[in-house]
Amino acid sequence: MTQWLVGLACLTLLAPAEVLAQKRIPKAPGHDQCPLGYVNTLKTTCVSPIYYEMKLTNGEACPSGWMNVGAGYCRKK
């Protein structure tokens with residue numbers, strides 16, 4: 001398990017900056033968990049090995065073409 005996490009950390013350091021923005025997201029205000037598909041870093045961020053286009057829900061329903069993945073986020077379908 002530790003080797004996997006080290007490998008994931010190395011991959012995220014080598015990825016282009018625009019991809020990092022969606023692979024590492026901040027926890028939504030008022031949430032201590034991460035959305036579906038993301039791993040909790042036990043700090044203030046969530047990480048994923050897969051690129052997802054994400055945006056905060058801000059307490060609203062997700063717009064058309066997006067799905068609610070919990071923890072205050074919508075993900076593009």
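## A strand pair to start with

Strand S4 and strand S6 (residues 73-76) run antiparallel and are joined over 3 bridges; strands count as paired if DSSP finds at least two bridges between them. Within this pairing, Leu56 sits opposite Tyr73 in S6.

Before going further, a word on the model: it is predicted, so to speak from the record, with local features needing pLDDT of at least 70, side-chain atom pairs counting only at pLDDT 80 or more, and totals for chains, interfaces and linings using all residues. Residues are numbered from 1 along each chain as its sequence is written, and side-chain values use heavy atoms, with hydrogens and water left out.

## The sheet around it

S4 and S6 belong to an open sheet of 3 strands, ordered S4-S6-S5 with antiparallel pairing. Strand S4 (54-56) and strand S5 (66-70) form the edges, each pairing on one side only. From one strand to the next, the twist averages 35 degrees (axes are lines fitted to C-alpha atoms, and angles run from 0 to 180 degrees between N-to-C directions).

## The whole chain

Stepping back, the protein has 2 helices and 6 strands, taken as DSSP runs numbered from the N terminus (helices: H or I, at least four residues; strands: E, at least two). Along the sequence they follow the pattern α-α-β-β-β-β-β-β.

## Burial, contacts and surface

Of the 77 residues, 32% are buried, meaning under 20% relative accessible area with a 1.4 Å probe, protein chains only. Among contacts (heavy atoms within 4.5 Å) with a separation of 6 or more, 28% link residues 24 or more positions apart.

The protein exposes about 5300 Å², and carbon and sulfur atoms supply 60% of that area, as computed by the Shrake-Rupley method with a 1.4 Å probe.

How values were computed. Buried < 20%, exposed > 50% of the residue type's maximum accessible area, 1.4 Å probe, protein only.
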